[in-house]
Amino acid sequence: MQLEIQEPLEHSPEACHCSQCRKHTGNFWTGINVRRTALQVRGAESVRWYQSSEKIQRGSCSICGSTLFWNPTIEDYKWTAVAMGCIDTPLNLKISKHTFVDDKGGYYEIADDAPQSQGF
């Protein structure tokens, strides 16, 4: 599978520490919102979608199991979050915010200066 993202990117990466993201990724989720029209997935037939809540589906690779996407199913929503670990091109970006920090695992600390919130 290969991801192609048309630049420029319009957002910075965000980290989510909610229990669903921690369970889905094995730690916390770090993704970047990419305009759906700027995202091309070669090998999309290998993406398996899981409806994790009423308005969110998560995409993983059916071949290797990698966590790939966090995708709202809200009508007219224009963004899909792409897991930062799946982007091969080096990006000079830092996490812009941490969400659901009250749910974070007790085994790590948030050590940067990015803003933190209890929700989105």
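The model is predicted: local features need pLDDT of at least 70, side-chain atom pairs count only at pLDDT 80 or more, and totals for chains, interfaces and linings use all residues. Residues are numbered from 1 along each chain as its sequence is written, and side-chain values use heavy atoms, with hydrogens and water left out.

Seven strands form an open sheet with mixed pairing, in the order 5-6-7-8-3-2-9. Strands here are DSSP runs of E with at least two residues, helices are runs of H or I with at least four, and both are numbered from the N terminus; two strands pair if DSSP finds at least two bridges between them. Strand 5 and strand 9 each have a single partner strand and stand at the edges, so one side of each lacks a neighbour in the sheet. From one strand to the next the twist averages 30 degrees, where axes are lines fitted to C-alpha atoms (for helices over the stretch in contact) and angles run from 0 to 180 degrees between N-to-C directions.

Several of the pairings can be followed through individual residues. Strand 6 (residues 56–61) and strand 7 run antiparallel and are joined by five bridges; Ser60 stands opposite Thr67 of strand 7. Strand 3 is joined to strand 8 (residues 79–83) by five bridges, again in antiparallel fashion, and Arg35 has Trp79 in strand 8 as its bridge partner. Strand 2 (residues 14–16) also runs antiparallel to strand 3, with three bridges between them, and Glu14 is placed opposite Gly31 in strand 3.

What is the setting of strand 3? Six of its seven residues are buried, so the strand is largely enclosed by the rest of the structure. Buried means under 20% relative accessible area, exposed over 50%, and partly exposed in between, with a 1.4 Å probe and protein chains only. Asn33 has its place in strand 3 and counts as buried at 15% relative accessibility. Neighbours within four places in sequence aside, Asn33 is in contact (heavy atoms within 4.5 Å) with His11, Glu14, Trp79, Thr80 and Ala81.

The largest nonpolar core has 11 residues: Ile32, Val34, Ala38, Leu39, Val47, Cys61, Leu68, Phe69, Val82, Met84 and Ile87. Strand 3 (29–35) and strand 7 (67–72) each contribute at least two residues to this core. A nonpolar core is a set of buried Ala, Val, Leu, Ile, Met, Phe, Trp, Tyr and Cys residues joined through side-chain atoms within 4.5 Å. A second, separate core has eight residues, including Cys21, Ile56, Trp70 and Ala81. Within the largest core, Phe69 is buried, with a relative accessible area of 2%. Not counting residues up to four places away in sequence, Phe69 touches residues that include Leu3, Trp29, Leu39, Val47, Trp49 and Val82.

Aromatic rings form a further theme, with three aromatic pairs in the structure. Rings of Phe, Tyr and Trp (its six-membered ring) pair if their centres lie within 6.5 Å; planes under 30 degrees apart count as stacked, over 60 as edge-to-face and the rest as tilted. The rings of Phe28 and Tyr108 form a tilted pair, because their centres are 5.3 Å apart and their planes are at 35 degrees. Phe28 lies in the loop between helix 1 (19–25) and strand 3, and Tyr108 in the segment after strand 9 (97–99), so this pair ties together parts 80 residues apart in sequence. Phe28 is partly exposed at 25% relative accessibility, whereas Tyr108 is buried at 12%. The pair of Trp49 and Phe69 is stacked, because the ring centres are 5.7 Å apart and the planes at 20 degrees. Trp49 lies in strand 5 (residues 47–53) and Phe69 in strand 7, so this pair ties together parts 20 residues apart in sequence. Trp49 counts as partly exposed, at 42% relative accessibility. Ring pairs also link Phe28, Tyr107 and Tyr108 into a cluster.

Some backbone features complete the account. Glu7 and Pro8 are joined by a cis peptide bond, with omega about 10 degrees; Pro8 is found in the loop between strand 1 (2–5) and strand 2. Asp76, a residue other than glycine, has a positive phi near 70 degrees. Asp76 lies in the loop between strand 7 and strand 8 and is exposed, with a relative accessible area of 65%.
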